[in-house]
Amino acid sequence: MLREFLDTKASVAKIAECMSLCGPSIERVTKEGKETVYHVEVTTNRVDAASSYGLAREASAILPEFKIPAKLKTIPQAKVSSKTAFPVEIVIDKTVCERFMAIKLENVDLAASPDFMQSQLNAIGQRPINNAIDITNYAMFMTGTPMHAFDYDKLVTQKIVVRIAKKGESFTTLDNNTHAAHGNEIVFDDGNGTIIDIPGVMGCANTAVSATTKTILLVSEHMDPLKIRETSLKHEIRTYAANLNEKNLDPHMMESGLLYAVGLFEKHAKATIGSTLFDWYPNPEDKKIITVTKDAIDAILGIQISDTEMIRILETLGFSLKQKGNTFTITVPTFRNNDVEIPEDIAEEIARVYGYFRFPNELMEGRLTKESQNPQFAFENQIKTLLSGWGGVEVYTESLVGKDMVNENALRLKNPLGGDREYLRTDLVSSLFDAARVNKHEKRPFHLFELAHVYLPQPKKLPKEEMRLAGIFVNTDYRHAKGVLEALFEVLHITKIQPVLQKKKNYFFYEFTIEELYKNYSPHAVFTEIPIVPPQIEDITVILPEDMKVGAVIETIKESSPVIRSVELTVIFEDAYTFRITYLDPEKTLTDKDVEIIRDGVHARLQKLPVTIK
Amino acid sequence: MQEDVSKLRNEFISRALSTENKEELEALRIEFLGKNGRFTALLKQLKDIDPSERKHVGELLNETKKVLEDTLSGQQRENEQRGERGFDETIPGIKPPIGHIHLISKAIDEISAVFENIGFVRRRYPEVEWDWFAFESLNFTKLHPARDNWETFFVDTPADPKLGPMLLTPHTSSGQAREMLEKVTLPIRMINISKCYRRQSDASHLTMLHQFEGLVIDTNINFVHLKGTIDYFMNSFFGPNRKSRLRPYNFPFTEPSFELDISCDICGGKGCKLCKQGWLELGGAGMVHPNVLKAGNIDAKKYRGFAFGWGVERAYMMKSGLRVPDIRMLNSTDLRFLTQF
């Protein structure tokens, strides 16, 4: 199909390679029967390229950049010499229709379409039906113009009214599905209130071509693309025609597409033209003109592409140019009205066809930004490194969670993907409990942690995105779990926050805001004089009743004297707790006598607690 | 004398404990307890000691002799036992607990390091955003499909009169206008790495994902610089053996625009079921559209820029040899997955 409009000796592989680099990308090339099929991704702004002719035009601009000669052929069109007046009355709602074209075809010899057409339609997944239907499809794929063939004899009223459907009106499409109108569809009405077509989307069964069809009314129209999209989506009729029509096709291209189809009817269905060409196009779109200097193009691209090359590229793409010194006045082809507006668009056309790959790779020079890196990122990384260094396993859990996992004022989605992912989370540990449950088969101790945002609602504002650190210890005894947090705080020199773990079932967990940790953190310690005198160290064993907390004992010992530098729990044997006390006075070496006095003080204080000193 | 005895005893014990075989221990016995040994020498001195102390020192020496002999026999037993196995360097060590930093964190780290090297400053812009930042300022038409309910998550809260509905940003590009408006001075060289949300989920698409968005704005920025920056990233991140290609594409917020592909490492670029004719799609890039600069209050006549926005997870999955078959596994909390990396 491509080569019907493209004159080139380039191989299929070469065409695919060059097109992907410079135009619509060709994702795959496959062999279907004897046909070669290009699988092309045409971006939504380039509906003009979504046809054999459109792709041929791209190829004719691109291939010469690879030193491969290529020429675009013109679309063959039937000559309409009939003087017979167009017999159908057409009433159009101007607010939804921009152009309407139609012609009557007589003596249609309904039969199977020719082999080449069947083979090509089959290759692109379009089931051949008969020559009349196949020609309309074939012409659409070839030229990009969707059209519809009515059985003329079924249009008994000889009238078509283009209007908006009323809610609840019923219509049955070609595929024999009956739909109830939502009330915003564009429809063709036969003048008596019967819907006979959903233009741009699909025809209706009541006027469809059938085995007895002799005369055809061939129609192409340009309707409001947004209504087409809405109709097609709401009724789930995703035809190729709807796909094209909803992307705002160029009304100027309709004539060549329709007359190409008429030619095919003459040739392959022995049809004769039975009327003049009806063409309603009251307000043809203006041509867009863009003025741009060569310097501006060069400045965007960073290289200089010669005037001749620039002109060749733009002209083969359908632009026309007038040059005056350094300035180009460029007329945009109507089929590019959707996507070419500003000099940058012109620069893109030149750059892509010239070949992005031919541009050099150079880093920018010039000033750097005045800011330095935000140290909070490094802080977060340090936490991750430390925790994983002590066995922590970092997780990334979903921030969209179910209702049972959030605060009551949490933000809810309007269009969630499921009930369990309806809310923006307000804490991290709820997700970590889930993560712990996922690993219930694991019997060894483990520690999961996460750094992520929680989303806290604020009236009339975006939610506060608060970065948090949370973790959960599973199968882990409390002292080992708490030790990890203590170690973290020690390394980060965080002294003002307590490294406290909470308990739920057999889990120990923690959750802090990064802001709080960061505020209290110090990247390094402050130097303290290394004592020149040796410390005195001794152990003391205390028997604790069940309801006595160890923390209180340690605090009591510490508070006894400023000379007590540290109190460390070393051994627990049943209810006997042994603490190692370090005495150090930087001013002088403590004598046995000095220590004895302090020790007596410790004992005196401890005796006020319900403990026994061993 | 007493002090000498105790010093000698301590030395003997410590040296005996560090012997590893019979020979060493025998040498030690001879050195201390042999005919001319150091302990024997002390014994010989006993007769010269003041008679008043002699009894006391004698007892001490006897006691010490017993300690030395006990130590000797004890250590001999110890060495014999050890001698049966000898030193086994193959015995497994006892490992400290091994933790794991998540693949996504590693990816973010590597990506930010590459861009920090060429002067980019890292950002984190809102993940819950107003429509204006996510779409309007980026030159999206009112009816762009990304703005409908099928592709983007909307928050069930009243819309802002100026900034439109509240939504979960589907791309880090929403940070572009923020960077332009909130930053006081030009030039801009930023990399915004944040979470994004898309209403989708399959083997190659995540609902919650991370993106990294580069934005450079200065007076003399052109297409060549965009290519150079991408080339620098590709080489640093994927290594020199992977190829890349640019394909023309269409985005509302860049012009010219393209998509970037990287050669598939599974098939080596020959084409396989995971790729498109040997290529994997990485993401989009282009020169900042003048309308976006205008939305960001930047003089589009004076300044130009480029931008790119790619998926962190996607980029990392394309690194050679990772072979994770389903991108959704990255959000798994299963230790059997997490501890592999």
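In which order do the strands of the open sheet in chain A lie, and how do they pair?

## The sheet in chain A

This is a predicted model. In chain A, 5 strands make up an open sheet, and reading across gives E20-E23-E24-E26-E25, with mixed pairing. The edges go to strand E20 (392-394) and strand E25 (502-504) of chain A: each has a single partner strand, so one side of each has no neighbour in the sheet. From one strand to the next, the twist averages 35°.

As a bit of background, the strands of a sheet pair through backbone hydrogen bonds, and the pairing can be parallel or antiparallel.

## A look at one edge

Let's stay with E20(A) for a moment. E20(A) runs parallel to strand E23 (residues 446-458) of chain A, and 3 bridges join the two. To pick out one residue, A:Val393 has A:Leu448 in E23(A) as its bridge partner.

## Chain B: overall shape

Over to chain B, which has 341 residues. How does its radius of gyration sit against that of a compact globule? Chain B comes in at 38 Å, whereas a compact globule of 341 residues would be near 20 Å. Along the principal axes, the C-alpha atoms of chain B fill a box of roughly 115 × 50 × 45 Å.

## Chain B: what's inside

On the secondary-structure side, chain B holds 11 helices and 9 strands. Buried residues account for 41% of the chain's 341 residues.

As for contacts in chain B, take those between residues at least 6 apart in sequence: 67% of them join residues at least 24 apart.

Notes: Residues are numbered from 1 along each chain as its sequence is written. Chains are lettered from A and ligands numbered from 1 in the order in which they are written. This is a predicted model: local features need pLDDT of at least 70, side-chain atom pairs count only at pLDDT 80 or more; totals for chains, interfaces and linings use all residues. Helices (H or I, at least four residues) and strands (E, at least two) are DSSP runs, numbered from the N terminus. The radius of gyration is taken over C-alpha atoms; the globule rule is 2.2 Å times the number of residues to the power 0.38. A residue is buried if 20 or more other C-beta atoms lie within 10 Å of its own, exposed if 12 or fewer, and partly exposed in between; C-beta atoms are placed from the backbone. Two residues are in contact if their C-beta atoms, placed from the backbone, lie within 7 Å. Two strands pair if DSSP finds at least two bridges between them. Axes are lines fitted to C-alpha atoms, for helices over the stretch in contact, and angles run from 0 to 180 degrees between N-to-C directions.
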